[in-house]
Amino acid sequence: MQKYHLSHLSQLENEAVFIMREVASQFEKPVLLFSGGKDSIVMVRLAQKAFWPAKIPFPLMHIDTGHNFEETIEFRDNLVKELGVELIVASVQESIDEGKAVEEKGANPSRNKLQIVTLLDGIEKHKFDAAFGGGRRDEEKARAKERFFSHRDEFGQWDPKNQRPELWNLFNGKKHMGEHFRVFPLSNWTEMDVWQYIAAENIPIPHIYYTHEREVVKRDGVYLANSPFISLLEGEKIEKKQIRFRTIGDMTCTGAVVSDASKIEDIIMEVSAARETERGTRTDDKRSEAAMEDRKKEGYF
Amino acid sequence: MNTIEKEFSTEEYLNMDLLRFTTAGSVDDGKSTLIGRLLHDSKSIFEDQMDAVELASKNMGDHQVNLALLTDGLRAEREQGITIDVAYRYFATPKRKFIIADTPGHIQYTRNMVTGASTANLAIILVDARHGVVEQTCRHAFIASLLQIKHLVICINKMDLVDFSEEVFTKIKGQFDDFSSKLEIQDIQYIPISALKGDNVVDKSENTPWFDGSTLLYTLENVHIASDYNFVDCRFPVQRVIRPQSEKYHDFRGYAGKIEGGVFKPGDEVLALPSGFTTKIKSIETMNGPIGEAFPPENIVMTLEDEIDISRGDMIAKPNNQPKSGQDIELMICWLNEKKIIPGGKYGIRHTTKDARCIVKDIRYKVDINTLHKIEDDLSLGLNEIGRIHVRTTQPFFYDSYKKNRGTGSVILVDENTNETVGAGMII
């Protein structure tokens, strides 16, 4: 082993820490978008490292669809208490009540797209000028084109065809009034990197990532958790299955996989043998070929 | 074709190396096929991605599965069948993790390749065995050399279409050798491949018994990159001052940043610029505890023995090994914007963690990137063009030549009206 050598995971960690410090220095009011999922949990750990021994110098914001796994909320609240940082909850239900967002019609309504309104409102209301997201380029093909520092215009829109070139580690966060940036410190991480980092750093994650028995319903080939927010379609039935979640999002569109993985090592084995991407269990991405790109253009995460 | 075994224990995974590379080639030289092959044979393509690509290929009326659709993620790219922007792709073998910056072969070529190359350790250039070295090959090699990519792999592709002829291979190698003698690339390797059939990509081909070199994957896994960083000249641009102002860390004052060069240790005598004060390193801190030394590309927090005035944008170096300093800087610049550079114009300029302004004092010459000749009679510098300029900055910079250090030798120019990044500069 070479004396001055950093492993790839350590290089990724260093890259993310650099980005976070750069954002805290270039912007006036950054915020970290926290979903309670593994990627945002890893981001929080990286933010701790970036500013240690000082506290994380920005708040966390959770875009709450109201369709939450209880375990995630509990986990979120404990984490925030431990860190001593401010948590802002921006509620999709409130956006609906205020008439800014309209609940989808049809048999399988999702609040996924509605989050855009709440997210952009939250950013505007608190005058955030940079928002950290946990998006990774390996996740989805539109994300593969995303910059670390991703410009959003005054309407929160992303213009993928006209992005600023990003060279070396010189990040250009210059913007006009009312515009903001989305920043993706985990851009170069893969799903495997995230899991290996969680294992190596011994980072706690919500229990629903591990195997548990749950009532589920199979829809479009994906197991969805039974909840008050889901109504059965003709021919569907509730079953009990030993499952776990590969991603965590809105309950109505986050699919589970049948799994016995009870330890982080089991998850890693499972991920390394997986033949489907983690977003393969997300019904929100299955709506059309460019579903992610279209949502992102409007201001999605 | 064997696929690479992909079982990672955490211990192995934590020792994996990282190699960033860029791929270049002209249209239809099989670049997408090669990337598709590397991803496929390293089991990095998932079934749902493959299904989606198959479906999309069918919808577009392609008879074959079009692996380019794996990287062409945007709607406009799919509709027009072209790649617009750099796409990043990831794969891993038990030895290394790879980040591919896949740069499009036509539109915005230079701009995209410069972007992809700026962080790359290695560049792969594809040459069609039937056509040999063409104008584009030279252009790509020049950009790789300009961006100081240390390792170049010339893949002579479509060998199956020239009967795996050693003569063809040797001829093309000779052509490129002639051209590359004008460049400054230390390590150039040649590999005869067929991306489509898989020859010499992962497994050694039986069709090229005359070739005694390594396969592409073996080369990617083993190329020596550990010394690509500058471990000699100590450079620490201060990114942020950390002051917790908490009870436990009441008097803590640390300087956070990325080590851009050299090795720093507690006790080392250091010099802060621009103040010129010297002091000693008291400690090097991380959240995991203090460390005995720090080297590139580590991001650390440094505390100093004496309280001296240091803020973001300052540089910490050694008294006997200082960067250059000054306000007049000579750059090789690649122009990235439709709006041409304005002689005498003012731009924002970013160097390490420093943000300043500059005036374009002079455009010295433009480079014909196909012939490498200097053009001195037409000094307008537009999109995708490269030239040498002289800028004067509003405040002194502490810098090295790009050749000596990529981190302290690079700048970007920013349009002050549109805020766009318009130029990528390498300090001479």
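Helix 1 (residues 8–26) and helix 6 (residues 191–201) of chain A come within 11 Å of each other, axis to axis, and cross at roughly 95°. That makes helix 1 of chain A roughly perpendicular to helix 6 of chain A, a label used for angles of 65 to 115 degrees. Axes here are lines fitted to C-alpha atoms, for helices over the stretch in contact, with angles running from 0 to 180 degrees between N-to-C directions. Helices are DSSP runs (H or I, at least four residues), numbered from the N terminus.

This is a predicted model, where local features need pLDDT of at least 70, side-chain atom pairs count only at pLDDT 80 or more, and totals for chains, interfaces and linings use all residues. Residues are numbered from 1 along each chain as its sequence is written, chains are lettered from A and ligands numbered from 1 in the order written, and side-chain values use heavy atoms, leaving out hydrogens and water.

Helix 1 of chain A also packs against helix 2 (residues 38–51) of chain A. Here are the two pairs together:

| Helix pair (chain A) | Axis distance | Angle |
|---|---|---|
| Helix 1 and helix 6 | within 11 Å | roughly 95° |
| Helix 1 and helix 2 | 9 Å | about 70° |

So helix 1 of chain A is roughly perpendicular to helix 2 of chain A.

Who touches whom (contact means heavy atoms within 4.5 Å)? By class, that is three nonpolar, two polar and three charged residues. The contact of helix 1 with helix 2 of chain A has nine nonpolar, no polar and three charged residues. In this scheme Ala, Val, Leu, Ile, Met, Phe, Trp, Tyr, Cys and Pro are nonpolar, Asp, Glu, Lys and Arg charged, and the others, Gly among them, polar.

Next, salt bridges: a Lys or Arg side-chain nitrogen within 4 Å of an Asp or Glu carboxyl oxygen. E201(A) sits in helix 6 and R45(A) in helix 2 of chain A, so the pair ties together parts 156 residues apart in sequence.

Between chain B and chain A the count is five salt bridges, including D355(B) with K174(A), whose closest N and O atoms are 2.8 Å apart. The chain B side that touches chain A has 39 nonpolar, 25 polar and 25 charged residues. In total, 89 residues of chain B and 73 residues of chain A take part in the contact.

Note on methods
Contact = heavy atoms within 4.5 Å. Helix = DSSP H or I, 4+ residues; strand = E, 2+ residues; numbered from the N terminus. Parallel < 35°, antiparallel > 145°, perpendicular 65-115°, else oblique.
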